[in-house]
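Let's take a friendly walk through the charged side chains of this protein. Have a look at the sequence and the model first, and then we can go through the pairs one by one.

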Amino acid sequence: VELNLPFAFECFSNLAESGHVEAQFWTAHMLENGEGVEKNKAEAAKWYARASKQGHDRALKRLSELYE
């Protein structure tokens, strides 16, 4: 199976915009690492913060690590 990371990013980001917490985490992850989208740590931090506010523990951890 071939991975289509740009399509995956589009799907996650659409769900993230609607408030889906796990999609917010994966949108941030893909932005942080440049997977399927241009790397953008500032934008990743925004999505990690949104997911963190909904209680996503891994997002909170990654957000704190971005600022170390």
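How exposed is Glu22, going by its relative accessibility? The model you see is a predicted one, and in it Glu22 has 28% relative accessibility, so this residue counts as partly exposed. Its partner is Arg58: the two side chains meet in a salt bridge, with 2.8 Å from N to O. This pair ties together distant parts of the chain, since Glu22 sits in helix 2 (residues 21-33) and Arg58 in helix 4 (residues 57-66), 36 residues apart. Arg58 also counts as partly exposed, because its relative accessibility is 41%, a value between the 20% and 50% cut-offs.

Now move to helix 3 (residues 41-53), which holds both Lys46 and Glu43, 3 residues apart, or about one turn of the helix. These two form a salt bridge whose closest N and O atoms are 2.8 Å apart. Lys46 is partly exposed at 32% relative accessibility, and Glu43 is partly exposed as well, with a relative accessible area of 28%.

Back in helix 4, Lys61 and Glu65 are 4 residues apart, so about one helical turn separates them. Their salt bridge brings the closest N and O atoms to 2.4 Å. Glu65 has a relative accessible area of 25%, and therefore is partly exposed.

Note on methods:
Residues numbered from 1 in each chain as written. Predicted model: local features only at pLDDT ≥ 70, side-chain atom pairs only at ≥ 80, totals over all residues. Heavy atoms only, no water. Salt bridge = Lys/Arg side-chain N within 4 Å of Asp/Glu carboxyl O. Helix = DSSP H or I, 4+ residues; strand = E, 2+ residues; numbered from the N terminus. Buried < 20%, exposed > 50% of the residue type's maximum accessible area, 1.4 Å probe, protein only.
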